[in-house]
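Let's take a friendly walk through this structure, with a stop at the salt bridges, the ligand and the surface.

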Amino acid sequence: MDKSEKVKPLNRGIFITATDTGVGKTVVTAALGLLLQKKGYKVGVMKPVQCGGQDAKFLRTTLRSKDPLEKINPFYAEEPLSPHLAFRRAEKNIDIIKIISIYQELLNKYDFVLVEGAGGLMVPLTEDYFVADLIRDLNLDTIIVSRLGLGTINHTLLTVHQARQAGLNVSGVIFSDTSRKERGIPEQTNPAEIKTLGQVPVLGVIPYLRSVSDILKECDGQIDLDSLLKADRPALTRQFRKWDKEYIWHPFTQMKDWLEDEPLVIDRADGCYLIDTDGNRYLDGVSSLWVNVHGHRRKEIDAALNEQINKLSHSTLLGLANTASIELAQKLVEIAPGGLQKVFYSDNGSTAVEVALKMSYQYWQNTGRANKKMIVHLANSYHGDTLGSVSVGGIELFHKVYRDLIFKTISFDTLNDLDKLEELFEKSHEEMAAFIVEPLIQGAAGMLLWPQHALRRIRELCTKYEILLIADEVATGFGRTGKMFACEHESVHPDILCLAKGLTGGYLPLAATLTKKKIFDGFLFDHKEQKTFFHGHTYTGNPLACAAALANLKIFEKDNTLKKLAPKIEFLRDGLRAFRDLSHVVEVRQLGMMVGIELGPFAWEERMGVKVCQKARERGVILRPLGNVIVLMPSLVISIEELKFLLDTIRWAIEEVL
Ligand SMILES: *Cc1c(COP(=O)(O)O)cnc(C)c1O
């Protein structure tokens, strides 16, 4: 048995909701409470919102709670109506924050806190906040109470379905027999049918109670408490950790270290926060490795995906077109730097680059300039992990490991002296197909900033020497630098643009390689000439991913995202100033919402970046370093307060570790 199991109190909450009002929720809550007490657990109870009736008082008396009634039921309205209506008519408000804080207080005090809802999941507490939202915000497992009888299958399945749609964890269904009549066929078969049809545990049946005074006697043995107790979160977390180590090979990870560690298992998310299997919330400082743009669980993207799922999940672009990919392509061309008119889809950043490389190489082959074969790239560049994109990468380690598998390229390393680039171009442009760059900031190299105007000069030189300019905006695209695309800072139009990471707002893998009509036209020949672009992935133009991407792009307009970024970027700039005074900070680099805080001087084996990020996790912040560089790349929706917390936490972590 692991140590934490013994010393940690349970502190577990369960929300009791029902298929409808009047099906016996309060009796089930009382019964559960009494049964848990009988097993020796300390049980707290809450009925946060009540409209008419005596439920809270009944629960308080039955479970012999010493908590004042205002804690058990902080929000009471006289009229037996839907809460949003009852409270509006009473000119009172329901304060969700207060409910959450009382719940937290009770949770610290008891092994179990039972929270009884009001009616069912879709009962509105306010105009735009439902019981299901409260369950999610309290982060509770749910028990659904249902009555026995005809019509129950429909109501129960609807409730289970809705709970799952809302992302809630359904612990099980408890039936309550609300009629003194003898049980007929529906009553006898309901539990087994629901178990099968709903794929949900049925925890028991509460018999019809003649008098509430003998709940405990009547219910003893009727509810499967063991399966409820077994499914507690620490046990689930242990299970997931075990299975992760058993089955998963993690990317870019020395699995020997991983197998010795306790991984954090993420189960859900909310805005800029990730939530683990134990319900702990972490501010995500790197937007799920640079992909999340407008926060997790954005209603607009969720809705677009739902809508698309109900139309078409996938159909191929090989020989067929599909609506979602067409709509997205049109939108991408509209927002992309000028001249980019054609969209080639793939699945991730590496393939977007792979496509750009093959396309630029073949373009010259197709158009009678067969000597133009070489790809030029920057030292320190990173363009992905497939062999083609590794070939144009400048990270020494990856080249060393895979050297026999990659092709020859030309690496250029002095952005500060572009006359050298001109010399290189002048000498060898007849052999050069393309120059690939990460414009303005080299992300994976550790957020290295370009000198001003270098991109513009490179554009001029590429034009002059007929070398295609490929802009890899996989990291910098979609607002990260303060503009939609980094190229816009210097009004540069690349010949080919690679997009991925933020394209779907962090929802699904999708990439796009945009290109000019001139290049597209370089592939238009009679079929027999075999000058087709021979490339395509099975999931090219996946409609679900395209629908998510389109919704993601529409949010930029609706929310005015880029305009709202300006003060956040300013705040970051001010906040980062103080870091420069820290003794082990060598340099702080920032472009828009992309930040690198370089620690040093340390050998890479010391893993200082990892240590600082690990420390920050203790205060609820998730980061992922690049060597000795602490990277900050939050979702664009992060608030100023959250940014402040992020900076404060990093500062604290650096000071603690060093
Ligand atoms: C992340 C990244 C890639 C690779 O994208 P994947 O989706 O991980 O294959 C390529 N280029 C740049 C600039 C990146 O940051």
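The side chains of Glu300 and Lys558 meet in a salt bridge, 2.3 Å from N to O; the term stands for a side-chain nitrogen of Lys or Arg within 4 Å of a carboxyl oxygen of Asp or Glu. This pair links distant parts of the chain, 258 residues apart: Glu300 sits in helix α15 (residues 299-309) and Lys558 in helix α23 (residues 543-559). Helices (H or I, at least four residues) and strands (E, at least two) are DSSP runs, numbered from the N terminus.

How exposed are the two partners? Glu300 is partly exposed, with a relative accessible area of 24%, while Lys558 counts as exposed at 58% relative accessibility. Here buried means under 20% relative accessible area, exposed over 50%, and partly exposed in between, with a 1.4 Å probe and protein chains only.

## About the model

This is a predicted model, in which local features need pLDDT of at least 70 and side-chain atom pairs count only at pLDDT 80 or more, while totals for chains, interfaces and linings use all residues. Residues are numbered from 1 along each chain as its sequence is written, and side-chain values use heavy atoms, leaving out hydrogens and water.

## The chain and its other salt bridges

The chain has 658 residues, 52% of them buried, and its secondary structure comes to 26 helices and 26 strands.

A search of the whole structure finds 41 salt bridges. One of them joins the side chains of Arg88 and Glu127, at 3.2 Å from N to O. Arg88 lies in helix α5 (residues 83-89), and Glu127 in the loop between β6 (124-126) and β7 (129-130), 39 residues apart. Arg88 is partly exposed at 46%, and Glu127 is exposed at 54% relative accessibility.

## Around the ligand

Which residues surround the ligand? They are Trp290, Asn348, Gly349, Ser350, Tyr382, His383, Gly384, Glu438, Asp472, Val474, Ala475 and Lys501, where a residue is near if one of its heavy atoms lies within 4 Å.

A polar side-chain atom of Asp472 lies 2.6 Å from a nitrogen atom of the ligand. Ligand oxygen atoms are 2.8 Å from a polar backbone atom of Gly349 and 2.7 Å from an N or O atom in the side chain of Lys501. Taken alone, the ligand exposes 380 Å², and the protein buries 84% of that; accessible areas come from the Shrake-Rupley method with a 1.4 Å probe, and for residues only the protein chains shown count as cover.

Key
A polar contact is a pair of N or O atoms within 3.5 Å; within protein, one must be able to donate a hydrogen and the other to accept it, and residues adjacent in sequence count only if both atoms are side-chain atoms.
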